[in-house]
There are 2 protein chains.
Amino acid sequence: MGATIADVARIAGVSKATVSRVINNHSVRSTTRSKVLHAMRQLDYEPNAHARGLTSGKSSVIGVIVPGIANQFYGAIVDGVQAALDSRGYHMIVTSTGHTANQGREWAAAKMLKEKRADGVLVVTPRALSPDNFMHLLKSSFPLVVADGHSDALSGVMVDNFEGAVKAVKHLTDLGHRKIAMVTGIPGAKENLQRLSGYRDALEGSGIEFRRDLVIPGNYAYQSGVAAAKKLVEMGKGMPTAIFAANDYMAMGVINHLSVCGIKVPGDVAVVGYDDIESAAFFRPALTTVRQPLVELGKVAAHKLLSVVEGTEPETVRILLSAELIVRDSSGAKPVVSNGQVS
Amino acid sequence: MGATIADVARIAGVSKATVSRVINNHSVRSTTRSKVLHAMRQLDYEPNAHARGLTSGKSSVIGVIVPGIANQFYGAIVDGVQAALDSRGYHMIVTSTGHTANQGREWAAAKMLKEKRADGVLVVTPRALSPDNFMHLLKSSFPLVVADGHSDALSGVMVDNFEGAVKAVKHLTDLGHRKIAMVTGIPGAKENLQRLSGYRDALEGSGIEFRRDLVIPGNYAYQSGVAAAKKLVEMGKGMPTAIFAANDYMAMGVINHLSVCGIKVPGDVAVVGYDDIESAAFFRPALTTVRQPLVELGKVAAHKLLSVVEGTEPETVRILLSAELIVRDSSGAKPVVSNGQVS
DNA sequence: TGCATAGATGAAACCGGTTTAATTTGGTTG
DNA sequence: CAACCAAATTAAACCGGTTTCATCTATGCA
């Protein structure tokens with residue numbers, strides 16, 4: 001256990017340099033090569049990663065900074081990252097910034113880079129880092145790419161929130177709805193503004209007037225969906241016939257509250273969510289929602305980062321991916337349990 | 001960018017050895033130490049991880065083998081692992097075996113160890129590896145610990161499935177149920193057998209006869225819950241008044257099918273699930289279920305591994321953690337909350 | 001004040017690879 | 001068959017740390 005290149009060289013009767021050439025697929029006479037390979041096999045030899053990293057300056061490791069892997073949203077992205085890295089022979093050191101509110105964690109990315117522990121860093125959503133550190137890292141000239149299903153970033157890969165919202169709302173207008181409310185995410189957040197503007201754009205594209213009073217601020221939490229539904233129910237007959245929630249948790253809150261009030265979904269009101277979290281399919285009525293290509297996002301971001309790391313493509317580019325509308329029951333698009341009106 | 005220990009030594013006017021001592025907190029005169037620290041700060045110096053790893057033989061990295069990080073179940077475990085490793089200054093290389101059915105992935109763990117890329121490996125559920133490779137690794141004398149919320153393992157940390165099932169079923173008998181069915185997981189799986197025997201034990205502990213015909217085989221999938229519910233409904237008036245499902249997906253399948261048949265949960269039949277997946281709380285009726293301490297599991301397993309790595313505790317031990325019963329609506333233990341409260 | 005000695009520091013070897021410059025090899029050509 | 005040249009191989013230096021062993025310093029005590 002623990003053979004070194006010198007051992008292999010001795011057994012094979014060649015020099016260390018030759019063994020190194022065999023390892024790295026450089027030109028070696030085939031008879032020599034097979035002698036070396038045989039010795040390597042015999043010794044169960046595996047090159048020491050540290051020694052290689054020390055001389056080559058490359059670690060074949062990518063740092064992934066993520067706010068909580070337990071979150072299925074980020075988990076899916078990391079899954080895609082892993083797939084891409086794996087296919088190109090890279091490993092991934094995952095660091096979660098969520099755990100310790102500790103400010104120190106934030107420097108983890110920069111530290112990994114300076115220690116040469118990682119060749120590049122993939123930041124899953126800029127939220128994983130404070131703006132200051134993020135900017136500092138960005139201009140440090142270290143390979144860095146941002147993967148994000150939500151907000152806008154300076155450089156990296158993201159999903160088009162505007163387009164996603166347009167798809168959701170257009171789905172509702174196509175079903176004949178003219179009075180469509182939106183329950184927003186955290187008001188100031190970029191992704192939320194993008195979704196809001198998608199909502200607005202889709203309405204206006206269908207010749208429907210945008211009404212401020214139909215925009216209910218939420219905060220992505222289930223309870224804020226419940227609260228929003230309360231406000232809408234209070235409108236009485238002026239209530240909208242459709243609701244677009246900026247994420248699935250809020251959509252579920254909306255629906256559960258409406259149900260408590262005896263209002264049927266999708267019979268009386270159609271609801272569309274966003275994210276397609278796992279619960280969306282099991283929820284009753286099953287949620288119509290917007291699915292973001294998270295695994296794909298991770299893959300694309302990882303490949304992008306590797307091309308930067310390997311020097312193939314030095315300039316930073318912004319890539320935009322499309323979200324997909326998943327039509328289930330809550331929007332009343334297809335015949336389901338309920339028999340209510342369709343428009 | 002990229003200062004070395006020699007640079008620091010030169011600037012500080014000392015030898016490399018002294019700088020090394022400062023880095024590793026060895027005894028150094030305080031005046032000397034501050035000179036060195038100042039130089040380090042001035043150069044924005046960070047020791048090269050490869051160089052350190054090469055001489056010390058330690059990488060401060062732990063390999064984590066997991067079947068799909070996107071899975072919230074494993075994600076939670078990894079989350080705990082990360083927290084523990086982080087608190088002790090270790091990094092984590094995550095490898096998912098699920099992606100490429102590629103046999104080669106399986107050797108990833110052994111390879112990381114031989115390359116000295118990782119000081120130890122944490123296998124999240126032995127399923128992540130084929131039995132052969134697993135055994136091979138186990139007896140290789142490399143630091144290895146298994147963390148598993150489900151099945152039994154040769155060594156490592158796991159959750160007590162037997163006890164979890166007992167808690168679930170005892171909850172039902174405490175509520176007065178005498179005719180309790182169980183929808184099982186994959187028949188041969190260890191964790192399933194343990195849950196089954198917990199079910200049986202709890203029944204007999206309450207003086208209730210175990211009936212083979214009330215055990216419906218499932219496979220953990222939602223649809224198998226639906227199928228199981230069908231069978232139970234076919235029993236007509238002989239139908240059980242309570243159902244224990246070996247996981248939440250099946251519990252949801254059972255409930256949704258019963259609901260289609262006009263059978264109310266928990267009004268007519270009480271249902272208890274297992275796992276407490278995220279959907280369990282949003283599902284209506286909210287699921288009473290057994291929550292496994294997954295984050296805790298990850299933490300304990302990681303600390304265990306580190307103690308092996310650091311030589312504190314060489315012998316392999318088996319640690320058993322307790323699951324917790326989460327009482328919500330589906331078991332009818334408390335008045336059904338329908339205003340959208342999520343617990 | 002001088003000396004003994006524990007403690008701090010430095011020089012050099014070493015960890016296990018890669019790479020450059022020098023040397024050997026083998027095959028081709030005249 | 002000798003000379004020659006390109007390709008293959010080797011020896012040695014190097015990457016950036018740690019560690020051993022020798023040397024030097026600064027105390028404590030006489």
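In this predicted model, helix H1 (residues 5-12) of chain B and helix H3 (residues 30-43) of chain B pack with their axes 9 Å apart and at an angle of about 125 degrees. Angles over 145 degrees would count as roughly antiparallel and those of 65 to 115 as roughly perpendicular, and H1(B) and H3(B) are therefore oblique to each other. The crossing that H1(B) and H3(B) make is right-handed. On the side of H1(B), the contact is made by Asp7(B), Val8(B), Ile11(B) and Ala12(B), while H3(B) contributes Lys35(B), Val36(B), Ala39(B), Met40(B), Gln42(B) and Leu43(B). Sorted by class, the contact of H1(B) with H3(B) has seven nonpolar residues, alongside one polar and two charged residues.

DNA strand D is surrounded by 25 residues, and the closest of them come from both protein chains, namely Arg29(A) and Thr32(A) together with Ile5(B), Ala17(B) and Ser20(B). The elements that give two or more residues to the surface near DNA strand D are helix H2 (16-23) and helix H4 (49-56) in chain A, and helix H2 (16-23) and helix H4 (49-56) in chain B. Among these contributions, the largest share of the surface is that of H4(B), which supplies five residues. In its make-up, the surface near DNA strand D has eleven polar, ten nonpolar and four charged residues.

The two protein chains also touch each other, in a contact that takes 44 residues from chain A and 43 residues from chain B. On the side of chain A, two or more residues each are given by H4, helix H5 (72-87), strand S2 (91-96), helix H6 (108-114), helix H10 (222-233), helix H11 (248-260) and helix H12 (278-282). H5(A) gives the most to this side, with eight residues. The residues of chain A that touch chain B divide into 18 nonpolar, 16 polar and ten charged.

Terms used. Residues are numbered from 1 along each chain as its sequence is written. Chains are lettered from A and ligands numbered from 1 in the order in which they are written. This is a predicted model: local features need pLDDT of at least 70, side-chain atom pairs count only at pLDDT 80 or more; totals for chains, interfaces and linings use all residues. A residue is near a molecule or strand if its C-beta atom, placed from the backbone, lies within 6 Å of it. Helices (H or I, at least four residues) and strands (E, at least two) are DSSP runs, numbered from the N terminus. Ala, Val, Leu, Ile, Met, Phe, Trp, Tyr, Cys and Pro count as nonpolar, Asp, Glu, Lys and Arg as charged, and the others, Gly among them, as polar. Axes are lines fitted to C-alpha atoms, for helices over the stretch in contact, and angles run from 0 to 180 degrees between N-to-C directions. Angles under 35 degrees count as roughly parallel, over 145 as roughly antiparallel, 65 to 115 as roughly perpendicular and the rest as oblique. A crossing is left-handed if the near helix is turned anticlockwise from the far one by less than a right angle, and right-handed if clockwise. Two residues are in contact if their C-beta atoms, placed from the backbone, lie within 7 Å.
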